[in-house]
Amino acid sequence: SPLFCESSRRWKAVAISMGASYHIWNADEVDTLIKERYAWLFKDYQTTRYPVMRCDMGRVAILHAYGGIYSDLDCFPPRSEYRKAPLAACRTHVRDSRKKLFLDMEVLIAGRRNPILVKWLKHMQERMHSIKFSKPGSHWYNAKMRYIWWTTGPLSMAGFLKSEADARKQNGQEPLVVEHLCTNR
């Protein structure tokens, strides 16, 4: 689409200005990455209820394997370069509100092999097993978007990052660094 082409053009310009490479991943490449490097996740990855859930898992696996910046193609970069961060996520406006912000997954920055990312993938896997889609008429069956958001999506991510930060604080560990990026849609 024109939106995706423009987003791609802008993110490629950011990569060039930072001296980085730019790559648009396709489904086969992500499938291969998960199968070869995250075999413990592959069955759940293949059998997700909705394809977008594979995208959610794929973005985290890509960042763990290679590090860098991940962006959805419906987002534009609001700046020409980004600094490296152990982990950074964007804040975006809650639908229909310019006052409320929430943490989202549309743009992520992470260092290569950041162990938090593997924990996050395991959290997604656990959520998929614990929140059963079950039968027609059940809460999660009828609330499909909520199911995605709470298993592999932004609400799952926000809950995971909060619990991880709380656990680190309680154990006297170094804080979990999550910087907040802003994006233009």
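A residue is called buried here when its relative accessible area is under 20%, exposed when it is over 50%, and partly exposed in between, using a 1.4 Å probe and protein chains only. The model is predicted, so local features need pLDDT of at least 70 and side-chain atom pairs count only at pLDDT 80 or more, while totals for chains, interfaces and linings use all residues. Residues are numbered from 1 along each chain as its sequence is written, and side-chain values use heavy atoms, with hydrogens and water left out.

Select residues 154-170, which form helix 8; helices are DSSP runs of H or I with at least four residues, strands are runs of E with at least two, and both are numbered from the N terminus. Now colour Pro154, Ser156, Met157, Phe160, Leu161, Glu164 and Arg168, which are buried in helix 8. Seen down the helix axis, the buried residues of helix 8 fall within an arc of 155 degrees, so they line one face, the arc being that of the directions from the axis to the C-beta atoms. On the face turned away from this buried side, look for the exposed residues Lys162, Lys169 and Gln170. After helix 8 comes glycine 172, whose phi is positive, near 70 degrees.

Next, go to the loop between strand 3 (101-110) and helix 5 (115-130), where you will find arginine 113. Although arginine 113 is not a glycine, its phi is positive, at about 65 degrees, and this residue is partly exposed, with a relative accessible area of 43%.

Technical notes:
The expected span of a helix is 1.5 Å times one less than its number of residues.
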